[in-house]
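Colleague: I would like to go through this model with you. Could we begin with its charged pairs and then turn to the interior?

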Amino acid sequence: MRAILLVGLLAILGACQAQTKEETSMTNPVVTIQTSEGDIEVELFANKAPTTVENFLTYVDEEHYNKTIFHRVINGFMIQGGGMTADMQEKKTHAPIQNEASNGVLNKKGTLAMARTSDIHSATSQFFINVADNDFLNFRSATSSGYGYCVFGEVKKGMDVVEKIKCCETSTRKGHQDVPVKAIEIIKITRN
């Protein structure tokens, strides 16, 4: 009888753990980044970087990203966008947010992270997609040199689009390096 109860209890416990994993993934929002090169679907890690995801979704809901470009593309490193128009004008943003890079999520190929200046807590709207494992961008310590860049999402579909973008020809334009010669537009970002 005890053996039957134990087996039943283990089955219930296993079902609860599976349900918890399923609920966690269900609570993470998904967005589609519609670009001039194709669509990129991204799961946002609200469970790991809640402030960053809330900030990003605010810009999505306000249509801030519409008609911006990927203005910095470095093959073997990352593609960056979310703050510049096609004529290289920086869009107005909200106040910077706290850096959540200590969340344990690593800057691996296909992850989405916040761009920032040398100021640890300076991220606003600009983001980048890692096109390689960029371990040097990970949180190492709560210092200016070790804080890292907050990963807050991962590409679920459309990595082929990211791969296409990373290979584009770039040049220097209006004082900015690594700008695609042919503009790669973020047409819009929408919640799924």
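Colleague: Which side chain meets Glu37 in a salt bridge?

Modeller: Please bear in mind that this is a predicted model. The side chain of Glu37 meets that of Lys164 in a salt bridge, at 3.1 Å from N to O.

Colleague: Where do the two residues lie?

Modeller: Glu37 is in the loop between β1 (30-35) and β2 (38-44), while Lys164 belongs to helix α3 (residues 159-166), so the pair ties together parts that are 127 residues apart in sequence.

Colleague: Is Glu37 buried or exposed?

Modeller: Glu37 is buried because its relative accessible area is 18%, and buried means under 20%. Glu37 also belongs to a network of salt bridges with shared partners, together with Lys164 and Lys182.

Colleague: How many salt bridges are there by this rule?

Modeller: The count comes to eight. One of them joins the side chains of Lys156 and Glu43, at 3.6 Å from N to O. Lys156 lies in strand β7 (residues 151-157) and Glu43 in strand β2, so parts 113 residues apart in sequence are tied together. Lys156 is partly exposed, at 46% relative accessible area, whereas Glu43 is buried, at 14%.

Colleague: And what does Arg191 pair with?

Modeller: Arg191 meets Asp61 in a salt bridge of 2.7 Å, N to O. This pair links strand β10 (residues 185-191) to helix α2, 130 residues apart. Arg191 is partly exposed, with a relative accessible area of 44%, and Asp61 also counts as partly exposed, at 47%.

Colleague: What does Ile189 touch?

Modeller: Leaving aside residues up to four places away in sequence, its contacts include Val31, Ile33, Phe56, Tyr65 and Phe127.

Colleague: How much space lies in the largest pocket?

Modeller: About 430 Å³. Of its 22 lining residues, His71, Gln80, Ala115, Arg116 and Gln126 are the closest to its centre. The lining has eight nonpolar, 10 polar and four charged residues.

Note on methods:
Residues are numbered from 1 along each chain as its sequence is written. This is a predicted model: local features need pLDDT of at least 70, side-chain atom pairs count only at pLDDT 80 or more; totals for chains, interfaces and linings use all residues. Side-chain values use heavy atoms; hydrogens and water are left out. Contact means heavy atoms within 4.5 Å. On a 1 Å grid over the protein atoms alone, a cavity is a set of points where a 1.4 Å probe fits but cannot get out, and a pocket is an open set with protein on both sides within 12 Å along at least five of seven lines; lining residues have an atom within 4 Å of a point. Grid points are joined across faces, edges and corners, and a volume is the space filled by probe spheres set on the points. Ala, Val, Leu, Ile, Met, Phe, Trp, Tyr, Cys and Pro count as nonpolar, Asp, Glu, Lys and Arg as charged, and the others, Gly among them, as polar. A salt bridge is a side-chain nitrogen of Lys or Arg within 4 Å of a carboxyl oxygen of Asp or Glu. Helices (H or I, at least four residues) and strands (E, at least two) are DSSP runs, numbered from the N terminus. Buried means under 20% relative accessible area, exposed over 50%, partly exposed in between (1.4 Å probe, protein chains only).
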